[in-house]
Amino acid sequence: PVRLFSNFPVPNDETLEVVVADTCATTCIVSGNGLTASTAGVQASFVIRARDAFANDRQLDEDSFEVHVIGPSNFSINVLPTASVELPGDYSVLYTATVSGIYEVSIRRFNIGGLLGEYFNNMWLIGDPSVANIDPDVNFNWETFQIAPLGFNNTTF
């Protein structure tokens with residue numbers, strides 16, 4: 001840290017409390033070789049660094065992320081990053097590609113306020129979900145088949 005004034009007393013009885021802001025997905029940093037290159041059958045890795053809206057490192061291990069890796073030959077895997085013990089606020093992601101090709105990596109930060117519900121338009125849960133929504137509670141009326149979030153067509157779920 002750099003001090004502007006090394007010994008400049010300020011007469012003030014007020015106390016300044018500095019608190020960390022909530023994690024902001026748009027300012028988080030993702031880095032590592034596993035984002036740009038990997039070898040089939042060899043574990044790849046990268047790191048998510050949680051930051052707040054002011055781009056400050058969070059330095060807290062209270063965030064939850066989900067990483068989805070999609071590749072050729074129907075390769076699809078969900079990974080829950082592991083919090084780093086040495087660097088609070090950093091989350092390690094490990095995955096192993098199975099075949100050569102182009103892979104897509106998406107990262108989602110879970111928010112407080114519910115559970116992630118993914119709704120498919122088939123009973124086998126195959127393919128991408130038709131709707132993904134944070135449900136504040138799980139209290140569906142299964143007798144009337146009202147299982148999708150309000151505002152969505154329930155007949156296709």
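Strands here are DSSP runs of E, at least two residues long, numbered from the N terminus. Before going on, a word on the source: this is a predicted model, where local features need pLDDT of at least 70, side-chain atom pairs count only at pLDDT 80 or more, and totals for chains, interfaces and linings use all residues. Residues are numbered from 1 along each chain as its sequence is written, and side-chain values use heavy atoms, with hydrogens and water left out.

Back to the sheet. Strand 5 and strand 6, residues 90-96, run antiparallel and are joined by 2 bridges. Two strands count as paired if DSSP finds at least two bridges between them. The open sheet has 4 strands in the order 1-2-6-5, with antiparallel pairing. Its edges are strand 1 (29-31) and strand 5 (82-83), each pairing on one side only.

Now to strand 1, where Ile-29 sits. Beyond its neighbours within four places in sequence, Ile-29 is in contact with Val-47, Ile-48, Arg-49 and Arg-51; contact means heavy atoms within 4.5 Å. Ala-50 is 21 residues from Ile-29 in sequence, yet the two C-alpha atoms are 6.8 Å apart.

Arg-51 lies in the loop between strand 2 (43-49) and strand 3. What does its side chain reach? The side chain of Arg-51 comes to 2.8 Å from the backbone oxygen of Ala-55, and it makes a polar contact with the side chain of Asp-57 at 3.2 Å. A polar contact is a pair of N or O atoms within 3.5 Å; within protein, one must be able to donate a hydrogen and the other to accept it, and residues adjacent in sequence count only if both atoms are side-chain atoms. Not counting residues up to four places away in sequence, Arg-51 also touches several others, including Asp-22, Cys-24, Cys-28 and Arg-58.

Last, the largest pocket. A pocket is an open set of points on a 1 Å grid over the protein atoms alone, where a 1.4 Å probe fits, with protein on both sides within 12 Å along at least five of seven lines; lining residues have an atom within 4 Å of a point. The lining has 15 residues, with His-68, Ile-70, Ser-76, Asp-128 and Pro-129 nearest the centre. Strand 3 (65-71), strand 4 (75-79) and strand 7 (104-109) each supply at least two lining residues.
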